Amino acid sequence: MTEFLDLETQDAVRMPWNVLPGTKQEAAQCIIPISAIYTPLKPLPKTTPLLPYSPLRCRNCRSILNPFSIVDFSTKIWICSFCLHRNHFPHHYQSITEDNLPAELFPQYTTIEYELQNEKPPSPITSQVFLFVVDTCIIEEEIGFLRSGLSRAIGEIPGNSLVGLITFGRYVCVHELGFFGKIPKVYVFNGSKEISKDQVLEQMGFFLKKARPATGGGPGTRDGHLQDNVSRFLLPASECEFAVNSVLDELQRDAWPVPGDQRAARCTGTALSVSAHLLGACVPGCGARIMAFLGGPSSEGPGCIVSKSLSEPIRSHKDLDKDSAPFYHKAVKLYEGLSKQLVHQGHVLDVFACALDQVGVAELKIAVERTGGLVVLAESFGHSVFKDSLVRVFQSVDNELSLSSNGMFEVTCSKDVKIQGVLGPCASLEKKGPLCADTTIGQGGTTAWKMCGLDKSSSLCLIFDIAKKEVPDVTSQAVNNQFYFQFLTYYQNSTGQMRLRATTLSRRWVTGSGCIQDLTAGFDQEAAVVVMARQVSFKMETEAEFDPIRWLDKSLIHLCSHFGDYQKDNPSSFVLSPRLSIIPQFIFNLRRSQFVQVFNNSPDETAYFRMVMNREDVANSVVMIQPSLITYAFNCGAEPALLDVASIAPDRILLLDSYFTVVVFHGSTIAQWRKAGYQNEPEHEAFAQLLRAPADDAEAIVKERFPVPRLVICDQHGSQARFLLAKLNPSATYHSDAPLVPGGDILFTDDVSFEVFFDHLQRLAVQ
């Protein structure tokens, strides 16, 4: 596994297959697709230089000069590794020799970053823009929590970043922050109607001093519209902090009366449409973010997800399966249109949903995901999950997210490899070409994608297809046995500079009868299960009547049958190579995870879990699928423990990290000692240290993660112990024969244990 981590440190790429099958048929037998999980802005090693010039491109395929290009130093020609086109070096490269190479040809710099000096940003405004869209249909206590959270966040925003504010309930209120001593104005829109961009601009006085443009499209700084119109609604944080805090201090619950048997009239869809129109007029092409703070379901106007009557429950997974959620498809259609508008404008939608009820994250998912937005789900605006996550967005020193904007991602690869699509936070730019495969998955049918918002953990899952149908002869395999991939990411960093990061990969391909050992040697189990998790989530959302458990089981059986060692019809002879030995365990936990099991989760929660997994790197995604468990005891320090109910003991403390929740679990004896206060007595310093160790480790996990996880501290047999018990392998249940470990625990579940699951897998794989 360490060599895969080294490759990730260098190139920010993890691939399930690091030795690739050479033909289409062999690729199909591998079950898990040829794919890569790439994190475009993962911090580079400190030794990697930033190149202050534009890259050298192939004149034929537009790929970039890289360490795999063949260079003829005598004639000053380089041969492209993708299309084999011969290119002349320009005059400023004339001094290159084998001992005097430019950085992009150094073999260790397969990933390199260019500072694009001549490239102008898409918008003259290079500072970041934050438009806060605040729900006021919430109780006074929640408004107080939200007010303090926003005030704290505004204090963290860099002074030159532009800030705007919209509040909404039954109506949408756009606040004019640049009133400078005059009476502050608010522009009000009816939340029950669809509002066009022209209506928004007309009502907000954009055409008072300048006639409406004859051709379509709204005004903006780029088509010469008056800058003072923009500065009425978007002001630098350093200038508008007082104005924003004044509005927030006076923020009250939506005044529209709500009968006792009805929900509040909340027009989320209209508020987000008005926000998109405003940003499209003021700052098109600039790295702007709409940050929506939602405290309940939309029940008014376009995008509503439930009627006002409380007698009608909000949609559940069962309703979506039966197609009996009357508002769902209409709302999704609205947000799909909104996502296209935001992608065209280069803007991002972030959602902070804080309510005990659902707010419509399942419908909003398409707009958040395609614009590369952030999503946080919590029970209340007073919860640490919301408060700490919001501050983390703006932090600029420790654990910063490094928010970047205006990203564009392009892929080039060898002619025998085709691109099926991308699963992750991006939108297709529909750039078709010979590299596009016939079958598509996710955002497919293109070789370029827009990433309106991206940060250091945004990860894309690229799915490839091998186009070669016939088995190549031995000589051609020996001469040319490499497939090449190049990933290009153009982006504007948080300081407004345009950058290009180029990653070029080379992977050996094999074919023929002896290739199974080579394929196995290059198999990355962690990357494989993350690709399968993204695939199964995508299929569950897009394919009717799809059975995820059956699909996962079938895939695992075929994989083990193809790569395992066994005698036919003899389960006891079945052996998996160490390279594949953990994959059954990963799939067992994926089957039980919140990505596949929707029971006991609302559509909003399921959408949230999948959105976060779809944008995180391999290490974080693996923790979501198979949580890590660490045990602490007197006689030993922190040690990894099996994710099994047998790990529970009365004299141990367990630390479970399941990404969204971090649980510190005290065994029954430890809990009794803690309640008796032994940790406060000087002679029991060792016990005090034992209690501190998992708490410190949990704190460290919480500090570096986004969204901030929920921290649960519980005792054995306590009600909150369920957060741990739900994730453990049920090796001891109420109907198992095994004797109970003294002081241990049993699970009240009918789920099969991993031992039974693996036993069945062995029997089916050898058939």
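Axes are lines fitted to C-alpha atoms, for helices over the stretch in contact, and angles run from 0 to 180 degrees between N-to-C directions. Helices (H or I, at least four residues) and strands (E, at least two) are DSSP runs, numbered from the N terminus. The structure is a predicted model, in which local features need pLDDT of at least 70, side-chain atom pairs count only at pLDDT 80 or more, and totals for chains, interfaces and linings use all residues. Residues are numbered from 1 along each chain as its sequence is written, and side-chain values use heavy atoms, with hydrogens and water left out.

Confidence is reported as pLDDT, the predictor's confidence in each residue, from 0 to 100. The protein averages 91. A score of at least 70 is reached by 95% of the residues. Residues 216-225 stay under 50. For this stretch the model has 26 contacts (heavy atoms within 4.5 Å) beyond four places in sequence. Where pLDDT is low, the predicted coordinates should not be read in detail.

Helix packing was examined for α10 and α17. Helix α10 spans residues 361-370, and helix α17 spans residues 603-613. Their axes come within 8 Å and cross at roughly 25 degrees. The two helices are therefore roughly parallel to each other. Angles under 35 degrees count as roughly parallel, over 145 as roughly antiparallel, 65 to 115 as roughly perpendicular and the rest as oblique. On α10, the contact is made by V361, A362, E363, K365, V368 and E369. On α17, P603, D604, A607, Y608, R610 and M611 take part. The residues of this contact divide into 7 nonpolar, no polar and 5 charged. Here Ala, Val, Leu, Ile, Met, Phe, Trp, Tyr, Cys and Pro count as nonpolar, Asp, Glu, Lys and Arg as charged, and the others, Gly among them, as polar.

Burial was assigned by relative accessible area: buried means under 20%, exposed over 50%, and partly exposed in between (1.4 Å probe, protein chains only). In α17, 10 of the 11 residues are buried, so the helix is largely enclosed by the rest of the structure. Among the buried residues are T606, F609, V612 and M613. The cover over the buried residues of α17 includes α8 (317-322), α10, β16 (375-378), α14 and α18 (618-625).

Two strands pair if DSSP finds at least two bridges between them. Strands β26 and β27 run antiparallel and are joined by 3 bridges. Within this pair, A633 stands opposite C636 in β27.

Strand β28 covers residues 653-657. In β28, 5 of the 5 residues are buried, so the strand is largely enclosed by the rest of the structure. In a regular strand the side chains alternate between the two faces of the sheet. Both faces of β28 are covered. I653, L655 and D657 lie on one side, L654 and L656 on the other, and all are buried. Strand β26 (residues 628-633) is joined to β28 by 5 bridges and runs antiparallel to β28. L656 of β28 is the bridge partner of L629. Strand β29 (residues 661-666) also pairs with β28 in the antiparallel sense, over 5 bridges. L655 stands opposite V664 in β29. β28 and β29 form a hairpin with 3 residues between them. Y659 in the turn has a positive phi of about 75 degrees.

E545 has a positive phi of about 60 degrees although it is not a glycine. E545 is found between α14 (525-542) and α15 (548-563), and counts as exposed at 81% relative accessibility. D569 also has a positive phi of about 60 degrees and is not a glycine. The loop of D569 runs between β24 (565-567) and β25 (570-575). D569 is exposed, with a relative accessible area of 56%. The peptide bond from F706 to P707 is cis, with omega near -10 degrees. P707 is placed in the loop between α20 (685-703) and β30 (710-715).
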